[in-house]
Protein chains: 2
Amino acid sequence: MRWAVLLAGGSGTRFWPLSTPATPKQLLPLSGAGSTAEEAVERLTGLIPRERILVVAGAALSARLRPLLKLPPENYLVEPRAASTAPALIWATWEARRRDPDAEVLSLHADWTVGDATAFRRTADAALNTARRHDRLVTVGVVPSRPETGYGYIVPGTPLDDGARTVARFSEKPDASTALDLMAAGALWNSGLFAWTADRLLAETARYTPEVAAALPKLEAGDVSGFFDALTPISIDVGLLERSGAVAVVTGAFAWDDVGTWQALARIRPKDPSGNVVVGPGVVQESHDCIVWSDRDPVVLCGVQDLLVVQANGRILVMPTERAAAMKQLLDALPPEIRDIDG
Amino acid sequence: MRWAVLLAGGSGTRFWPLSTPATPKQLLPLSGAGSTAEEAVERLTGLIPRERILVVAGAALSARLRPLLKLPPENYLVEPRAASTAPALIWATWEARRRDPDAEVLSLHADWTVGDATAFRRTADAALNTARRHDRLVTVGVVPSRPETGYGYIVPGTPLDDGARTVARFSEKPDASTALDLMAAGALWNSGLFAWTADRLLAETARYTPEVAAALPKLEAGDVSGFFDALTPISIDVGLLERSGAVAVVTGAFAWDDVGTWQALARIRPKDPSGNVVVGPGVVQESHDCIVWSDRDPVVLCGVQDLLVVQANGRILVMPTERAAAMKQLLDALPPEIRDIDG
């Protein structure tokens, strides 16, 4: 049967001061409706039933997600510590197979916005079919809409018989010029939407990912904490997909955004005629391409451009929107009493 | 005897959202110590006793000033409505002469910052002496430190026998190029620090200022409200000083600022090595020449320049510092529910 694994971890730094460790971006209504985590579960409706959606996150975040997502209690897999994506996905896939020996798994993240849920489901369905038919680890490659340097790219290889293709190579976070070249050559964004059978994923893990495979006996023994203690954190891309030959790519033609920085709001929210996005009370005059978010006080902007202005959680942040991509460096330099936000 | 008239009116718009109609800038601790109104009274210590300091302001503001300035109750002259500077100064001078037929008057504003109080008092003393000795309306011209276009300038004329000079002409709010020419030619800022004998001021008013003189019989009849109803608002500069021939100028060599816009904070407050002024909790990184004022939330600025960021009274304002000079136009364009601040 089909299972979904929703990766919901996150450090809560990218949307500072709105996001916090206890309320990372996947809990925020960034796109305007519910949280992106809720949207992620809703998006699977008709494709995978809620009782077969597993959610991987830390304890604090799991506690926040339970009343939002309303999945069966046993479907929250609580990571004792963050260890990147390979351990989370391998664990969840292992758990799906424990419950269902014939499990096939769709992996996705809780912090995406997707423009066309129907196209998303159609693509996910195709990816699951390809995973079964060709017994490969299937990546969904999203058609790029810009030469984004913050994403990984997939260069497709030769066609398979169902429209999927092999993967020629991966290119992680290229520079701007390389990103342009990749786009021109038909490379796709590596979205993190994956599909595989549990059997194939665990077989490839055993062969290619000793960082995690060596710890699997702990899981078999029911010792999740010991599993995390014994493994070496590594991403699924570096730790498995880039190493395995049994990989394929299915093209996804839907708007997709991982809402990685404040700049993403300019892509996923309505703008005024001058390109400004204003969420919360605010007035923008003679300004263009600004992003304003206020959870309390009216913000008045006059005569500025390309500026991010945020009031949230008792902090005010003002920076060029493009600097928002380097939020972590900014936070590292802030005094803890200003940086650290409770709750 | 010597009297001081402190003009304390103000609309409270220039330092929006910090200043409000009920708390205009002269009540704010803009320079870092007490309010500029308190500083104005303190600055007269040793020159004019507190019982001979008259304060002109509207009713609401007078109520706020009484506990701050602690002058005799009868020294607060409450304007029934704002009517520019000539009516206020003529009324206060008339009132000083009513109490003291030989009154000489020093006029000043409640919203100045002055760098050197001793030099200020020495100059004010000289101006009062010149006013008596030459029976003229004496202006104090401050040596300009920049080609400010927001001030009026005084072009001095021929020397009198005590170091004062006649006034060749006034130049109100020149353009930038004219301001540079005026500075180069030795023109002085028209500070609004004036000195005159009550007799001379009222004689000149009778001759040159029909807009106010025609209403004086109401004052004589004890009808202040009728006086204000009958007069035509006009400034002392336009309505009298620029019309009268009996004017002199005394040079003031002290740092003087009327704190007319947020930009003034960059002149009167300490700056960090990058030229930023931060009042209240804030962190400024990779930014220069910014002004930050927060009455509550920490403000984090990163990678910006020449920016004014204010949080006060439940509003957040972000604009280039140079735009702060046009605050009134901005406020006129704001929705009333954001613009208008209670209290």
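Helices (H or I, at least four residues) and strands (E, at least two) are DSSP runs, numbered from the N terminus. In chain B, B:P17 sits in the loop between β1 (2-7) and α1 (36-42), and the peptide bond that joins B:W16 to B:P17 is cis, with omega near 0°.

The model is predicted, so local features need pLDDT of at least 70 and side-chain atom pairs count only at pLDDT 80 or more, while totals for chains, interfaces and linings use all residues. Residues are numbered from 1 along each chain as its sequence is written, and chains are lettered from A and ligands numbered from 1 in the order in which they are written.

Chain A is split into domain 1 (2-257) and domain 2 (262-339), with bounds that come from an automatic or database domain assignment. The C-alpha centres of these two domains of chain A are 29 Å apart. Two residues are in contact if their C-beta atoms, placed from the backbone, lie within 7 Å. Across the boundary in chain A, 13 residues of domain 1 are in contact with 16 residues of domain 2. The domain 1 side of this boundary holds 5 nonpolar, 6 polar and 2 charged residues. Here Ala, Val, Leu, Ile, Met, Phe, Trp, Tyr, Cys and Pro count as nonpolar, Asp, Glu, Lys and Arg as charged, and the others, Gly among them, as polar.

The next topic is the meeting of the two chains.

β15(A) pairs in the parallel sense with β17 (residues 315-320) of chain B, over 3 bridges. A:V300 stands opposite B:L317 of β17(B). Leaving aside neighbours within four places in sequence, B:V318 is in contact with residues that include A:V299, A:L301, A:V318 and B:L307.

A residue is buried if 20 or more other C-beta atoms lie within 10 Å of its own, exposed if 12 or fewer, and partly exposed in between, with C-beta atoms placed from the backbone. A nonpolar core is a set of buried Ala, Val, Leu, Ile, Met, Phe, Trp, Tyr and Cys residues joined through C-beta atoms within 7 Å. The largest such core has 220 residues, of which A:L6, A:V318, B:L6 and B:V318 touch the most other members.

Helix α3 (residues 85-99) of chain B is mostly covered, with 11 of its 15 residues buried; among them are B:L89, B:I90 and B:W91.

Finally, A:E286 has a phi near 50°, a positive value in a residue other than glycine. A:E286 lies in the loop between β13 and β14 (291-294) of chain A, and counts as partly exposed because it has 14 C-beta neighbours inside 10 Å. B:E286, also not a glycine, has a positive phi of about 50°.

Technical notes
Pairing = 2+ DSSP bridges.
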